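Hello,

Here is the structure we talked about. Please have a look, then read my notes below.

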Amino acid sequence: MVAKNRSVLILAAGKGTRMKSSLPKPLHAVCGFPILAHILRAAQELNPAAIGVVIGHGAEQVKQTVLDNLSAWGITAPVEFYEQTELAGSGSAVKAALPFLQKQESVLVLAGDTPLLKADTLAQMYAQFEAQQAGTLVLAVKVPNPAGYGRIVRDGQNNFEKIVEEADADETTKQIDEINSGMYVFNSASLVKALGQLTPQGPKHEYYLTDTLSFIKQTGLPAVVFTSKDFEQALGVNSRVQLAQAAQIMRARINEFHMDNGVTLINPQDTYIDAGVEIGADTVIASGCYLLGNTKIGPNCTLESSVYVNNSTIANDVTLKLGTYIEESEVAETCQLGPYAHLRPKSVLKKGAKVGNFSEIKKAVIGEGSKVNHLSYIGDTQMGAEVNVGAGTITCNYDGKNKHTTVIEDHVFVGSNVNFVAPVTVHEYAKIGAGSTITKEVSAQGLAIARSRQVVLENKGVKKND
Ligand code: UD1
Ligand code: CA
C-alpha cells in the first residue's frame, strides 16, 4: 500500500571530498550494494508516494546507476531526480528539490551517506512525527565519539533548541555526545518557508539544513528529537575508514541474519556475505568465504575455506571444497567441486556432477553425474550425462578468431590427456584413447585413438654404469 502523505528526499549531491575518489560517494559499495542503494531500499520500505534524489557531483553517473538498478534493488516508488548546481551545503541541496517539496505534505530527508540506517527506525520516526503533528523531527543518537557530527543542543526543559555543527561548536558544545544523524521528517510547507530564511554559515559559507529546525521551532510547531540507542545506524560515511567501519557493521548484521536462519558460520568475523545473498538452512560455511552479488546457496551445502561465489546459484547438498571460485554459473543439487575448481561465467553443472582439482569450466554444460576431476579445461562444451573425463583433458575451443563448440554425448569415456579440437562431436558411449587429439566426429560406441604409434628402439635407452 502506498502511503499517500509520506515521501522521502535523499541528499546525494555532495562532493564527498574526504573519500578522495573519482567515484561519487553514494556509489561506493557496502556489502555489495552502493551506499545509495541501501538508503533507497530502506526508504522503499515506507511505501512512500515518491522518492526524490538530489544529485550534483557525478550527477549523470549517480542517476544512471539508480535508473539501471531500480528493479534489482526492489524500488517500486517513483524516483525523481533534482540537480543541485551549486554545491553550497545540505540546505542548498534541499532547496534544489523545492518542486518536490511543493508536491508533498511531509517529507523524510535522508543523507546519501548513511548506509546503516534501519527501515523500522524510519517508520517509527514518521509515525511519531505524525502522532505529534510536528513541524520537524530529527533522529538523534548518543555516540562514543561525536567528533565530526552536528550536536543536538537542548534548552532548559530538555527540548530541542538547535543543532550546532562541529566547525561552529565551542568547547562546551563539543562535549555534547548527542548527535544529529542527518535523518529528519519535515512538514513540507514549514520546510519550504524555513529554507527561505537560511543564510550562509560556518567556515565554508554553507547553507545548513540543520538551521531549518530552529526556524520551524520558532513558528510554534513542535520540533521533536527522536532518540535511538542504536547509534551505529547513524554512521555517516565521509572517509574510507568510515566506509570500512560501515561495511564491518553491516557484515556482522548480515552474518547474524543468516545464523538466525540456521546457517552455520565457522568464523563469522572472516566471512563476507553481500546484502542480496540467500542461503538455505544447515549449510555450513568455513572461514574466508566470499558470497557476492545475487548469489543463492541452497540448504545442506558445505563450503570449505576460501570459497568465492559471485552472482551464481548453488542448489542443495552441494560441496564446494577449498579454494573453489564460481562466477555467474549454476550448480545443481549434490554436485561436488574443488579443491581449487574454477567455474567461469555461464557454466551449468547438472545434478551430481563433479569438477575437481584445478579444473576450469567456461560456458559449458556438465551433464548429470559427469566428472571432470583433474586438471582439465572444458570451454564452450555441451556435455551429456555420466561422462567421465580423464585428467588433463582440454577443449581447444579457440582458433585465434572464433570460439567453437565441443559436444560430448551421454556415457562417453574420455581417457587422460585428450584434446578436442572444436567444432567436434563425440556421440554416446564412445571411448577416446588417452593422449588423443580428436579433430573429427566420433560415432556412438566408437573407440577413437588419435595418437602416433609407439616406437621402441632397442638398446638406445640409458646406458647402464658397469
Ligand atoms: C551533516 C549534518 C550534521 C550531521 C551529519 C550526519 C549539515 C549541515 N550537517 O554533516 O549535523 O551530524 O550530516 O551524518 O547538514 N549534500 C548535498 N549537497 C551539498 C552538501 C551535502 O547533497 O551541497 C549531501 C551529501 O551528499 C551528504 C549529505 O548531504 O549525503 C550530508 O552532507 P555531508 O557533507 O556529509 O554533511 P556532514 O558534514 O556529514
Ligand atoms: Ca556526512
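How far is an oxygen atom of ligand 1 from a polar backbone atom of Ala 13? The distance is 2.9 Å. Bear in mind that this is a predicted model.

A backbone N or O atom of Leu 11 lies 2.8 Å from an oxygen atom of the ligand. For Gly 89, the corresponding value is 2.9 Å. The protein covers 88% of the 740 Å² of accessible area that ligand 1 has on its own.

Around ligand 1 there are 24 residues. Gln 84, Ser 90, Gly 112, Glu 165 and Asn 180 come nearest. By type, the shell holds 9 nonpolar, 11 polar and 4 charged residues. Strand S10 (178-187) gives the most, with 3 residues. Strand S1 (3-12) and helix H3 (90-95) each supply at least two.

Ligand 1 sits in the largest pocket. That pocket has a volume of about 1,400 Å³. Its lining counts 45 residues, with Arg 18, Ser 90, Asp 113, Glu 206 and Asn 238 nearest the centre. S10 gives the most here too, with 4 residues.

The second largest pocket has a volume of about 560 Å³. It is lined by 19 residues. His 38, Arg 41, Glu 45, Arg 253 and Ala 275 lie nearest its centre. Helices H1 (35-44), H5 (119-131) and H9 (240-260) each give two or more residues to this lining. H9 gives the most, with 5. The lining divides into 9 nonpolar, 3 polar and 7 charged residues.

Best wishes

Notes: Residues are numbered from 1 along each chain as its sequence is written. Chains are lettered from A and ligands numbered from 1 in the order in which they are written. This is a predicted model: local features need pLDDT of at least 70, side-chain atom pairs count only at pLDDT 80 or more; totals for chains, interfaces and linings use all residues. Side-chain values use heavy atoms; hydrogens and water are left out. A residue is near a molecule or strand if one of its heavy atoms lies within 4 Å of it. A polar contact is a pair of N or O atoms within 3.5 Å; within protein, one must be able to donate a hydrogen and the other to accept it, and residues adjacent in sequence count only if both atoms are side-chain atoms. Accessible areas come from the Shrake-Rupley method with a 1.4 Å probe; for residues, only the protein chains shown count as cover. On a 1 Å grid over the protein atoms alone, a cavity is a set of points where a 1.4 Å probe fits but cannot get out, and a pocket is an open set with protein on both sides within 12 Å along at least five of seven lines; lining residues have an atom within 4 Å of a point. A molecule sits in a cavity or pocket if more than half of its atoms lie within 2 Å of its grid points. Ala, Val, Leu, Ile, Met, Phe, Trp, Tyr, Cys and Pro count as nonpolar, Asp, Glu, Lys and Arg as charged, and the others, Gly among them, as polar. Grid points are joined across faces, edges and corners, and a volume is the space filled by probe spheres set on the points.
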